[in-house]
Amino acid sequence: MIHSILWQIVRFEWRRFWRDKSSLPIALGLILTLATSLYLSHYQFQQRHAQQQKAHDISQAQWMDQPDRHPHRVAHFGDFAFKPEHILAGFDEGANAFTGHVLFLESHRQNSANFNDATESTALLRFGQFTPAFVLQVVMPLVLIFIGFAVVSQEREQGSLQQLVATGVKLNQFILGKLLALAIPSVALVFLLGVAGFVFVLAQTGGLSMDIVSRIALLILSYSLYLFIWCMVITAVSTLAKHSQSALVLLIALWLIFCIASPRLGHEIAHQLYPTPSLVQADFAAEAALEKIGDSHNPDDPHFNAFKISVLKQYGVEKIEDLPVNYNGLLMQEGERLSTQVYSDQHEKIAQRMLQQSTLVSNLAWLNPAIAIQQFSRAISASDLAHHQAFLADAERQRFKTVQYLNGLQTHEVQHESDKEQRISQQFWQKAPREDIVLPGIQFAKSVLLQSIAVLIAWLVLGGLLFNYCVKRSNI
Amino acid sequence: MKFEFKLIFRQKLVLSALLLSMLFAAIALWNGWSKIETIRQEINAAKQAETLRFAEKIQHYGNGGLAGETGYYVFHTVYNMPAQWSFISLGNRNFSPHIQRVRLLGLQAQLYDGESHNPEYAVAGNFDFAFVVIFILPLFCIALAHDLCSIERNQNRLTLLQSLAAKPFRFWAQRLLAQWIIASISIILPLVICTAYLQLPWLDCLNICLVVMLYALFWIVISGALSFYLLKPSTNAILCLNIWLLITILIPNLASILINQATPVIAGAEIALANRQKTHDAWDLPKQTTFDAFFKEYPEWKDTPAVTGRFHYKWYYAFQHVADVSVREAAQQREQALLQRDANSRALGIVLPSVAMQYWLDDLAQNNLENLLNYRQKISQFHRQLREYFYPYLFNETPFNAADFQAMPKFQ
C-alpha cells in the first residue's frame, strides 16, 4: 500500500514532465548531444587507431627490411613504440588527446613520447573535450538541474504541498517519490548506454571478454552512483529553498563549482605545489651525472679501466685482442647499462612529480564527486596518467632490451679487429626480441578504482543524510 | 541610476556572485602569472647552465679537434620565451615544450622533442583569466539580467512600472547599463590592480577592458532581452544557460572536430618514420648519391675532394641534411594544414563571441598555434645558421679551435 503511493507519486511526476512544453526539447537535446558525442568520439578514436596502425605497419616493415648492417648501426636506426589504446577510449578519451602516442627508441638516449594532438591544436581545444564521458559528467547534471530544481519548491509555491499533506501523504514519502522520479530515468539512461556499449563491442570484436564486461559493468555502476548523488542534491536543495528561483541559482552555483571550476583549480593547486621540471633540466642533470661516471672513449678513465680489468680477468687473458668476444660490444653494454640508469633516475623524478600532482587531485575528489567520477572513468578507459606512465615504462624496458640484444650481437657476432667495417646478416634483426606494448589489465587501476568508488559511496551516504535533514527541516 | 545600483546591491545573492567572480579573476591572474614566471625562470636557468658549462666545453672541444665531433656532442639550448601578457591566457604554453636542445644532426628528429607535461592537467584545462572571462563572466551576466523584466511581471509590478516611466526604453536601458557596469567591474577591477602592480602597459590593459566589456554586453543584452518574451524568470535562466552551454562548450567542440575532419593532417609519426629511413639508408648507399643531393642545395662545396674511406664527417652531416630535405615538403604541408585548421577555427569567431574572445586573448598572450609554429621556424633558422657555420670546417677540414667555438651562432 505504502509502496503503491510512492509509485503513484513517481508516476504522477513523470506524467507531469511528459505534459510539460519544455520537456520534449530537453529530452531531445540530451539524446542528440549524447548520440553526437558517442559518434564523434568513437570516430576520432578509430581515426587515431588507424593512424597508429599505419605508422606501426610502416615501422615494422622498415625494421624487417633493414639490410645486413653493423649491429650498432641498427641501434641508432632505432625502433618505435606505439601507445596502445583501449576501445573504451572512444567513450572517455581522457588524457590520451594530450599524450604523445609514439616513442622513438634508440641507443644512448631516452626520448620523449611525441606528437600529442594538443600541442598543435587550434584554440578551440580550450573549450574542452566533447566525449560521452563529458556529457555524462558535466552536461547531464546540468540537465537534471533544469528538470528538477523546482521539483518540490514549485509544489510549495503553488500551495499543492499543503493539500497533499492534508490528504495524508507523508512528506518524506512525497519527497522520496520526487527523488525517484528524477533518479530512475537517469540510472536507466546509464544502463541503456551500458547495454549499447556491450552490443557495440560485440559487433566490433565478435565477442565479449571478461575484461570488457567488468569494465562496462563498473562504468554503469559508477555513473549510476554519480548521477544518483546529483539527483539527491537537487531534490534536497529544492526541498529546502523558499523559491524555485533561488533553488535554481544555488544549484547552478554548485554545478559551476563542482563540474567546471574545481577540477581546473585542483590541478592548478597541484601544479603550484609540485611544479613539473622540464625534460631539458632532467637531461642536463643526467649528462652531468654521466660525465662523473666516466668516459668510455678515454683510455685513462678510472671506471672503464676497472671494467676492462674485470673483463680480462673473467676471461683469463692479458689483452683485449685475446678475448674470445668483441670487447667493443661489452663496452657498449656497460655504457648502455650506466646511461640507462642515470636517465631513468632523472625521468623517474619527473614521473614521481606527476604522480604527486595527480595524487593530490585524487585526494581532492573526497570533496568533489565530479573529480571522483572523472578519475574512475579514465582509469577504466585506460586513458589516465598512470596508464600513460605504464606505457612509457614499458617502452623504456623494450628499448633497453632491444639495444642490449644488439650490443650482444656486436659482442658475439662481430670481430674486434676492424669492428666498424663489418656487417652481419639481417636475420639477426628479424629475430630481435621486439614485442608490441599491450595495455595492462583492469587490476592495474585497482587502487584508483577503489578510492573513487569509496568517494562516491561516501557521497551517497552524505547525500542521504543531507536529504534526510532537508526533509525533516522543510516545512509545508 | 544611483537607485539602480542600490537595487542590485540589495540582492544578497548578486553581491556574493560579484565577490566570487572577482575572487576567481584574481586567482586566475595570480595563477597565470606564477605559471609564466616559472617558465621564465626555467628558461633563464637553462641559459645560465649553458653559460656556466661554456668554459669547460671550450676546453674540451676547442683544442683543434674535429668540427664534426663538436657538432655531434654539443647541444644548443633553444627556448620559447613567454610574452608580456602571456599570463592572461595560458593556451598551449603548458603542453608545448618551452626549452629544447638541438645539435648539428638532422633537425626533423629533434624539432618535436622534449614533451613533459602532466596530460591530466592538460585535460582539466587552465584556470586562467581567459577561462574566467569566457566561461564565468557570462554566467554572472545571466544571473544579473535574466529576470530583468520577468520578475517585475511576476510580482505584478510591470504595468505600474511601465506607466510610471516617462520613457520605458530609457528605463530598461538604464537598468541594463547598471548591470553591465557591475558585471564588467567584477573582471576589470582585478585586472587593473594587476596591471598597476606588475607595471604593465596601460594601453593593452585598456584594450583588454574594452573587449571584455563588449563580451559582457553581449551576454547582458541576450539575457535581458529574452526576459521580455518569457513568463517565468527561471524559464529564462534555463534558456540562457542553454545558450551558454551551446556557445561556450558544445558548438566550439563540435566545430573543432568537424574542422579537423575537413582538413586532415599527416601524422607527425609518419614524417618521423620517413626521415629516419632516409637518414639510415645513406649508410648503405654510395656516398656520391648523398653528395649529389647535398650539392644541389650547397653547390659551393662541390669541388672539395671526394670521400673514399668508410666515414667522413662531411658526408655524415650531408646525409643528415639530405634526410631533412627529403621530408621538408611533407613537413611544410603539415604546417599548412595546421594553419588552415586554425584559420577555419578563427573564422568561427565571426559568429561565436566565445571563440572570438579566446582567439583575441590567445593572440595577445601569444600562446597559440601561430606562436608555436613561429618558434619552430626560429629553431629551423638557428639550425641552418649552425649548419652553415660548420660546413667550412667540415668541407675544408679546418681544425676547430677555441675562437671557433666562441664564435658559434647563438639562439637569438
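**Close-up views of a two-chain predicted model**

**View 1. How two helices of chain A cross.** In this predicted model, α9(A) makes a right-handed crossing as it passes α12(A). The contact is built from Gly266(A), His267(A), Ala270(A), His271(A) and Leu273(A) on the α9(A) side, and Gln357(A), Leu360(A), Val361(A) and Leu364(A) on the α12(A) side. Sort those contact residues by class and you get 5 nonpolar, 4 polar and no charged.

**View 2. The angle between those helices.** Here we're looking at helix α9 (residues 244-273) and helix α12 (residues 327-364), both of chain A. They pack at an angle of about 140°, and their axes are 9 Å apart. So α9(A) counts as oblique to α12(A).

**View 3. Where chain A and chain B touch.** Chain B puts 72 residues into this contact, and chain A puts in 71 residues. On the chain B side, helix α12 (residues 233-262) of chain B gives the most, with 15 residues. That side of chain B has 37 nonpolar, 23 polar and 12 charged residues.

**View 4. The largest nonpolar core.** This core has 157 residues. Those with the most contacts inside it are Cys231(A) and Ile234(A), plus Val132(B), Val133(B), Leu137(B), Cys141(B) and Ile142(B). Helix α7 (residues 129-145) of chain B supplies the largest share, 16 residues. Apart from this core there's another one, of 32 residues, and its members include Ala113(A), Phe115(A), Leu279(A) and Ile379(B).

**View 5. Zooming in on Ile234(A).** What does Ile234(A) touch, not counting residues up to four places away in sequence? Its partners are Leu144(A), Ile145(A), Gly148(A), Phe149(A), Leu182(A) and Leu251(A).

Definitions and conventions:
Residues are numbered from 1 along each chain as its sequence is written. Chains are lettered from A and ligands numbered from 1 in the order in which they are written. This is a predicted model: local features need pLDDT of at least 70, side-chain atom pairs count only at pLDDT 80 or more; totals for chains, interfaces and linings use all residues. Two residues are in contact if their C-beta atoms, placed from the backbone, lie within 7 Å. Helices (H or I, at least four residues) and strands (E, at least two) are DSSP runs, numbered from the N terminus. Ala, Val, Leu, Ile, Met, Phe, Trp, Tyr, Cys and Pro count as nonpolar, Asp, Glu, Lys and Arg as charged, and the others, Gly among them, as polar. A nonpolar core is a set of buried Ala, Val, Leu, Ile, Met, Phe, Trp, Tyr and Cys residues joined through C-beta atoms within 7 Å. A residue is buried if 20 or more other C-beta atoms lie within 10 Å of its own, exposed if 12 or fewer, and partly exposed in between; C-beta atoms are placed from the backbone. Axes are lines fitted to C-alpha atoms, for helices over the stretch in contact, and angles run from 0 to 180 degrees between N-to-C directions. Angles under 35 degrees count as roughly parallel, over 145 as roughly antiparallel, 65 to 115 as roughly perpendicular and the rest as oblique. A crossing is left-handed if the near helix is turned anticlockwise from the far one by less than a right angle, and right-handed if clockwise.
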